[in-house]
Amino acid sequence: MRLALFDLDHTLLSGDSDVLWCEFLLAQGLLDDSFVRRNRLMSEAYTAGSVTPADYCNFYAGLLAGRSEDDWLPLRRRFVDEVVRPRIPNDARALLQRHREAGHTLVLTTATNRVVSALTAADLGVDHHLATELEMADGCFTGRTLGTLNMRTGKVERLRTWLQTQGEPESVLKQATFYTDSINDLPLLSVVRQPVVVDPDPRLESTALRKGWKVLRF
């Protein structure tokens, strides 16, 4: 197995799924205006790499509390159709296709929770999708995350666990290619054979230039 790993937000998608999802919910009247500032501050802290994985993931998980997956499905479909798909650059789809034609296994790995990112993963046509998982009780989301968060070192841990379930050795990860924009993904970039940064944030761009990593601009 040859892995091609992809971050989602600001890498394959021009924007941040969680921020865009919040803006979409605001437009539907499902969030109040006071949330705008908190959402902006959380996004800025993520870009700076200064927020903890727990605070970041639980902040957005809380938006889904009290409803079932079926309750959210119509809005999720509209979100992908109206907001996400127009923000996926042709360059991103072409990159995925090149790896697909090379026979690589395409894995989308994102800190964004599965509810918000699953339909995007399907639209991108990746083979596997790793995301932050959400807790449920009595058929509804509790507003809390579940298990290892798919962020920073958690991305590495989740990939290693996933490889075990696939019956593949950890050496597969060490031979992989990984694309991302974020300094938050430095742990995974440091593990793979071919780290590639895409429209990187300032801290990651500085690191990439120092280490001689390839830089793409979409």
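Predicted model: local features only at pLDDT ≥ 70, side-chain atom pairs only at ≥ 80, totals over all residues.

Let us begin with a question: are F6 and Y179 buried or exposed? Both F6 and Y179 are buried.

F6 belongs to strand β1 (residues 3-6) and Y179 to strand β5 (residues 177-180), so their pairing ties together parts that are 173 residues apart in sequence.

A second pair joins W21 and F79; this one is edge-to-face, at 5.2 Å centre to centre and 75 degrees between the planes. Here W21 comes from helix α1 and F79 from helix α4 (residues 69-84), so the pair ties together parts that are 58 residues apart in sequence. Why does W21 count as buried? Its relative accessible area is 1%, and buried means under 20%. F79 likewise counts as buried, at 1% relative accessibility.

In total, the structure holds 9 aromatic pairs. Ring pairs also link F35, Y46, Y56, F59 and Y60 into a cluster.

Let us now turn to the wider setting. The largest nonpolar core has 50 residues, and F6, W21 and Y56 have the most contacts inside it. Helix α1, residues 17-27, gives the most to this core, namely 7 residues. Apart from this core lies another, of 20 residues, including L130 and L204.

Finally, a charged group: the charged end of R67 sits over the ring of W72, 4.9 Å from the ring's centre. Thank you for your attention.

Notes:
Residues numbered from 1 in each chain as written. Heavy atoms only, no water. Core = buried A, V, L, I, M, F, W, Y, C linked by side-chain atoms within 4.5 Å. Buried < 20%, exposed > 50% of the residue type's maximum accessible area, 1.4 Å probe, protein only. Helix = DSSP H or I, 4+ residues; strand = E, 2+ residues; numbered from the N terminus. Phe/Tyr/Trp six-rings, centres within 6.5 Å; stacked < 30°, edge-to-face > 60°. Lys NZ or Arg CZ within 6 Å of the ring centre and 35° of its normal.
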